[in-house]
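User: Could you take a close look at one part of this model for me, namely the places where its pieces meet? I would like one connected account.

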Amino acid sequence: MAIQTFKIPDSLISGMKYSFCPGCDHGVALRLVAEVLDELGLKEKAITAGSVGCSVTIYNFVDVDTIEAPHGRALAVATGVKRAKPDKFVFTYQGDGDFASIGLSESLHSALRGENLSTICINNTTFGMTGGQLGPTTLLGQVTTTSTKGRNIETYGYPIKIAEHVALCDGTAYSARVSLDTVANIKKAKLAIKKAFEAQLNGLGFGFVEILATCPTNWKMTPRQAHDRIKNEMFEVFKPGVYKDITV
Amino acid sequence: MTKCVLNKKVLTKGNYAIAQAAINAGCDCYFGYPITPQSEIGEYMSVKMQELDRAYVSAESELAAINMVLGACSTGAKAMTSSSSCAIALMQETLSYAASDELPIVLISVMRGGPGLGYIYSAQADYNQALIGGGNGDYKHIVLAPSTVQECVDLTYKAFYLSQKYRNPTILLADGLLGQMMEPVEFGEYPYSEIDNSDWALTGAKNRSRRVIRSLIVDPEELSAHVVHLFEKYKLIEENEVEYEELYTEDADIIVSSFGSTSRNVKSAIKQCREEGLKVGFIRPVTLFPFPTKRFEELSKTTKKFLVVEVNMGQMVRDVKLAVNGKVPVEFFGKPAGTPPNVDDTADEIRKQFKRS
């Protein structure tokens, strides 16, 4: 008898085709988000505050009510949605630039207020949509279109360790950093997303998952090289792990 | 908040009047940040909204506050923030988004001196900020300008109604003078019907297909069509919602025009000049958008001159000139900031204008 081992999640728009670059981890990340929405029965209760970057395309793929937020403001917009409609499931899906550069204040203050919101932050160490400029998590020495000789401290300062900062906020219920570079890590990432979503459902506060992800196009690497970079370079600075968990 | 109650009227400070009116209008959410001369609005809301179990957040900035309002409005809720001048400047990006998204944001703008940090005393120099706007693209907000604390109440009610009726951001353009002064007001009840928003509000896609509220439109034809649609809406607003106050215009050789708190001294000066036999009239736009363009056009056929009085370097005078379209001269009298020109100075200016004619 045939056993179904995989199906496209209901929370993904049927018939949709991803527009992401080959080797981009957005495809996997959004599938995990959609699977967790399905498993927790949230599709009809969910409202997402969209962000700006390659993540803006979420509403082309994920089949939930969406309000598009200005760049960086997703968590302020999400706060407004959740305060107006506390019984809905409200989440954001943002890049590292949206969450931790232009939006850092709105992001951390939502965590500090302990808003019952869930956030996925895709950290690919670059401003991807605009062609690969230096961003808040670009590594020291990393070459980008605005750091052509590599990120140095004098001109550009240091990258931010996002999950750690979020964990320091007393209103945070769950803060973890995961990656999608191996099957094992993908499975861990899905569990983390589930925890972050459950934190909201249990009214425990802000649930956050930082996902280390590839940007092969702007890193000028093959998909395989890009996934290796996550392990070989990014893990050193952005260590995977659970930085706060009050859900246990 | 109140000092005495006389019949149904309550002696109320402007800022508190606006806040209570918002509550009476059914404001579900208030998100705000303090700035003089309107901090009392946020203080009042922080107490009352929580008492009523409605949403209140002390936002970390005005930027955050207006975005919270955007989010709340996207669910169909009535949401509002209040601020002043240099902090309203922070909100311009989101006000542009909200216009394109067609969201019923209510924004209370209590003008202070500028540009920049300026100072906390009253001014009218944010007419341009409200009417032309600092956000990108072609869009308009409905702008209502009270001149008394009673009008602060009445126009706050109207702001909530018009914003929902037209799915459009609506600004109550007050100033520090109105915000801080106390006058007797009758609150009454919110006089407008509720508008059904169940066909667009985000409530979770149950028993319907999901909705996306956004301003990103990738196809240039589609974006153009959307902007044209917005301007068709603005035309409807212009045809149906114009409001102004008019005095002694039938035989006026000079018609004075002003908005907001400045109008109080202007009206007194006009009454004085009328008693001296000067044929002076008055028109006060209450809706700044939609501007009473048609009425100015009509009046320019019977009068010989307009005199616009404002506490700025000449902002509403531009819209008067556009409406009059060169038919008769349009003069300007004002001061850059602070309390409006006093009655004597205004009356002197009117007499001067008559001498010049």
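Analyst: Happy to! Two strands are said to pair if DSSP finds at least two bridges between them, and strands (E, at least two residues) and helices (H or I, at least four) are DSSP runs numbered from the N terminus. This is a predicted model, in which local features need pLDDT of at least 70, side-chain atom pairs count only at pLDDT 80 or more, and totals for chains, interfaces and linings use all residues. Residues are numbered from 1 along each chain as its sequence is written, while chains are lettered from A and ligands numbered from 1 in the order in which they are written.

Let's start between the chains. β2(A) pairs in the parallel sense with β10 (residues 212–213) of chain B, over two bridges; there, I67(A) has I213(B) as its bridge partner. The whole contact (C-beta atoms, placed from the backbone, within 7 Å) draws 30 residues from chain A and 33 residues from chain B. On the chain A side, β1 (46–50), β2 (65–68), α3 (74–84) and α5 (104–112) each give two or more residues, and α3(A) gives the most, eight residues.

An automatic or database assignment sets the domain bounds, dividing chain B into domain 1 (5–203 + 213–240) and domain 2 (245–356).

T148(B) counts as buried because 20 C-beta neighbours lie inside 10 Å (buried means 20 or more other C-beta atoms within 10 Å, exposed 12 or fewer, partly exposed in between, with C-beta atoms placed from the backbone).

Further along chain B, five strands form an open sheet of mixed pairing, in the order β11-β13-β12-β15-β16. Its edge strands, β11 (244–247) and β16 (330–334) of chain B, each pair on one side only. Within chain B, β12 (254–257) and β15 (305–310) run parallel, joined by four bridges, and I254(B) has K305(B) as its bridge partner in β15(B). Helix α12 (316–324) of chain B packs on this sheet, touching β12, β15 and β16 of chain B, and its direction makes about 160 degrees with that of β15(B) (axes are lines fitted to C-alpha atoms, for helices over the stretch in contact, and angles run from 0 to 180 degrees between N-to-C directions).

Methods: Contact = placed C-beta atoms within 7 Å.
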